[in-house]
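Keep the structure open as you read.

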Amino acid sequence: MILDNSSGNPADRIQTEWHTCGSAQINTLLETSSQGLTSAQVSERRQKYGPNRLPAPPRRSTLMRLMAQFNNVLIYVLMLAALVTAALGHHVDSGVIVAVVLINALVGFFQEGKAEKAIDAVRNMLSQQAVVIRNGHRQLVAAEELVPGDIVFIQSGDRVPADLHLHKLKELNIDEALLTGESIPVIKQTEPVAAEADLGDRTNLAFSGTLVSFGQGTGTVIATGADTEIGRISTLLAEVTTLTTPLTRQLDSFARWLTGSILLIAIATMMFGYWIRGYALGDMFLAAVGLAVAAIPEGLPAIITIALAIGVQRMAKRRAIIRRLPAVETLGSVSIICSDKTGTLTRNEMTVTTVVMARCSADISGVGYNPHGTFTCHHQDLNLHNQTELQQLCRASVLCNEAQLIQKEGEWLIEGDPTEGALLVLGAKSGIDLREFPLQMPRDDLIPFESEHRFMATLHHDHEGNAVVYIKGAIEAILPRCQWQLEGDNTRPVDEAFWISQQEQIASQGKRTLALAMHHLPEAHRTLHFDDIDNNLILLGVVGIIDPPRDEAIEAVKKCHDAGIKVKMITGDHVITATAIAMQMGITESPRALTGHQIEQMTDSQLGDAVEDIDVFARASPEHKLRIVKCLQARQHVVAMTGDGVNDAPSLKRADVGTAMGVKGTEAAKEASEMVLADDNFASITYAIEEGRTVFDNITKSILFILPTNGGEALTVLAAIALGTMLPVTPAQILWVNMITAVTLALALTFEPTEPGVMKRPPRNTRNAILSPFMIWRIVFVSLLMVGGTFGLFLWERSNGTGIDTARTIAVNTLVVLEVFYLLNSRFLTRSVLNRDGILGNRYALYAIALVMLFQLLFTYLPVMQLFFHTTPITATAWGKILLVGCIVFIAVELEKKLIHRSDVDE
Ligand code: ATP
């Protein structure tokens, strides 16, 4: 509980019994009021109670993380090898193997730690926010800043940010499964409940961490951080970072399979060498160990994790925040994006430009939220005093409204829903005082806007006690409820055909339309129910609101089309508005669209056929979104789907890349998503896809780089045994090469920038195997080049009488130099690197090459290294030969690219 005993505060007596209190008592106990706390009170309480944050969940301990690095089949094989080599008396070899195992584990440990940190840092960008009333004003603060006594507003889709005592609410339903395990949402109320009530029955409290599934409410913070109910039972909400993805899992099993086969081959080779070639068993064992360690790509898993983490960071820079790591690779294969319209494709900067009433219509001038503008009809200024309908419509716009218009540093801004902001501005332009007028017509009750019913209504009483309801919403929601229309001071029966044609005309210009109506109720009416506004309303008029497309979204749509990705608009807006905007943005060329109503009439297979071709879905509800995703996935599409509301959660979960809006999205939507767009902007999805494709390219490049290295080494050992010559590289030397190449050279490839044509090719097919026929070819081709170069030079040296240690030193350096050249080849998969960008374009590659060459010099000339690895100094001529072999291999791979590329083009 939050209040301490030392204060002598009356709250001490009721410690855990907030639920037995009424609102007035709570306000007294917590020294707060409906105006909220003052800034001074807030800072004093923050000092006293600390931030509203749960203690961080215990992470895997450092020791456990380090130990996990050893839990790997390859390491078991190496450790066994170290034991047997030691038993055979080869202490240096055994020492080197142990050292390599340790270094490999340490490198993996630090790299993974870095990747985890990078992902955590990105996730922390998604801090929860809360709407709070302080100093009499509504404001948005980080949920962490809340203190006891704060007055907090919650609505559907929010996670409750602290424990609250509720004092005002409208149909507030909260899902408390997290605390009570009860999956049916609890209907909240404001009356005190019995002291002995269980947690689930304390219906006048809202608990931190639970999810508002419907309605809205206001409450006083009674406990924060660890003092909340969730803090007390210490259920930890934070997700644990996992660094595995389908791809890494696929690669893990590939690596296990590879290890198994390599071990078999190694054993077979040992037997062959011992029985057929007559080598000593000890030597053969060492050769088999060499073969095994040569062939296994130890560094690959760590490299892939790093590539994914770099992708997450790059995406965050482009305002796409990844919540789950696998999304990075899925993004690369997205073939359809289903996007909302309002705010994602459009700017969500709304301005009312047209008003249609029964007897006349008006155009309204002015830009953005600046509340200055004029009303004209056929280019003539309108005299508002003669326009009863317009006056009533503007009043409805201001009263049936939850937004606020504010001026900050000379700029007019709105807080709240932009559609409502536009209506406030309309009211202000008509001369209504936005501060005074609502005070004259205080609000008693409201039915909040929900996209399910698409309208909002408020009940007001004026000073004479007259009760009037104002209602606004989609024309389909309002018109059927209207029996009358306002004409001057009179009402006449509503002319439905007239209104529908007017609204269609406005919508065909891409404007969002909203109908406004009113209704008089008996004076005693103080609460508002759906029945009160079922019929008999008086229609005041229809407004047309412009919401221009985002320029960058238009470009992004084009980019998607070039990249073989289809864009589908799924919106709650009217079908004509939606189609007009979709055509303006190049999403579709045909005016074909489906409405939610039509979707309901279709079977799954009919819908499945339709979703392939139709790009606009209007008046769609979250259930329709879910059906659309399922149909697209049934046709093997990889779908990214955007959403913001609490009811979007199922479709976001279902989509391959659920994408929530960072600004207008609810907490529920964010939690169901793989990715959050910090700026709600469609273009950011396209950037993320581009980065996703880049990550995949870089992983492919790393695999294509590492596997031939292993292949080359293994074949060298095999060839030596088969030919009955001495091993050109010892097991310890092979381990050295593997370690150096994996952790330095291959790492550089994960930093490769995006290839220019990345958004010009079709999406990757997720059902394809990791290794495509082209990759297998490249791996075999380069492995053979590596054996040819290394073994060839070794044999040449030996035939010229060079001692075994020197010949081996030359062979190892050849292998590494070949890899350095091949690293440059690998920067581009099929394009030539024989240009400035190809050689110098990735500075990490240059650093890595410099570092590796330094290591090789130490390896060759440092006495300790000479002791461990049996290396000897080599001459400048030898280096010249090594470089020559490197150049030949480099050119051979470039030639191969040219041929392959040519055949690509020929196809
Ligand atoms: P999306 O974001 O999915 O593209 P949307 O934001 O246009 O769609 P909704 O917010 O569900 O969709 O709005 C649907 C319709 O409800 C709008 O066309 C409008 O007529 C009406 N509407 C929107 N906002 C309000 C509001 N605050 N009050 C009353 N009616 C509203």
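R323 counts as buried, because its relative accessibility is 9% and the cut-off for buried is under 20%. The model is a predicted one.

- A polar atom of the R323 side chain lies 3.0 Å from the backbone oxygen of K670.

**The whole chain**
- The protein chain has 907 residues, and 55% of them count as buried.
- Its secondary structure comprises 31 helices and 28 strands.
- Along the principal axes, the C-alpha atoms fill a box of roughly 115 × 75 × 50 Å.
- Take the contacts between residues at least 6 apart in sequence: 71% of them join residues at least 24 apart.
- The accessible surface of the chain is about 38,300 Å².
- Carbon and sulfur atoms account for 58% of that surface.

**The nonpolar cores**
- In soluble globular proteins, nonpolar side chains tend to be buried together.
- Here the largest nonpolar core holds 141 residues.
- Which members touch the most others? They are L331, V334, I337, M675 and F682.
- Helix α24 (residues 682-723) gives this core its largest share, 17 residues.
- A second core is separate and has 41 residues, including V352, C377, A396 and L486.

**The ligand**
- How many residues surround the ligand? There are 20, and the closest are K341, T342, R512, T571 and D573.
- The residues of this shell divide into four nonpolar, six polar and 10 charged.
- Strands β18 (467-473) and β21 (512-521) each supply at least two residues of the shell.
- The largest share, three residues, comes from β21.
- In the side chain of R512, an N or O atom is 2.6 Å from an oxygen atom of the ligand.
- For R619, the distance from a side-chain N or O atom to a ligand oxygen is 3.1 Å.
- K664 has a polar side-chain atom 3.5 Å from an oxygen atom of the ligand.
- How much of the ligand does the protein bury? Taken alone, the ligand exposes 620 Å², and the protein buries 92% of that.

**Two residues with positive phi**
- Q636 is not a glycine, yet its phi is positive, about 65°.
- Q636 is found in the loop between α21 (622-634) and β26 (639-643).
- Is Q636 buried or exposed? Q636 counts as exposed because its relative accessibility is 52%, and the cut-off for exposed is over 50%.
- H870 is not a glycine either, and it has a positive phi of about 55°.
- The loop that holds H870 runs between α30 (863-869) and α31 (876-906).
- H870 has a relative accessible area of 39%, so it counts as partly exposed.

Definitions and conventions: Residues are numbered from 1 along each chain as its sequence is written. This is a predicted model: local features need pLDDT of at least 70, side-chain atom pairs count only at pLDDT 80 or more; totals for chains, interfaces and linings use all residues. Side-chain values use heavy atoms; hydrogens and water are left out. A nonpolar core is a set of buried Ala, Val, Leu, Ile, Met, Phe, Trp, Tyr and Cys residues joined through side-chain atoms within 4.5 Å. Buried means under 20% relative accessible area, exposed over 50%, partly exposed in between (1.4 Å probe, protein chains only). Helices (H or I, at least four residues) and strands (E, at least two) are DSSP runs, numbered from the N terminus. A residue is near a molecule or strand if one of its heavy atoms lies within 4 Å of it. A polar contact is a pair of N or O atoms within 3.5 Å; within protein, one must be able to donate a hydrogen and the other to accept it, and residues adjacent in sequence count only if both atoms are side-chain atoms. Accessible areas come from the Shrake-Rupley method with a 1.4 Å probe; for residues, only the protein chains shown count as cover. Ala, Val, Leu, Ile, Met, Phe, Trp, Tyr, Cys and Pro count as nonpolar, Asp, Glu, Lys and Arg as charged, and the others, Gly among them, as polar. Contact means heavy atoms within 4.5 Å.
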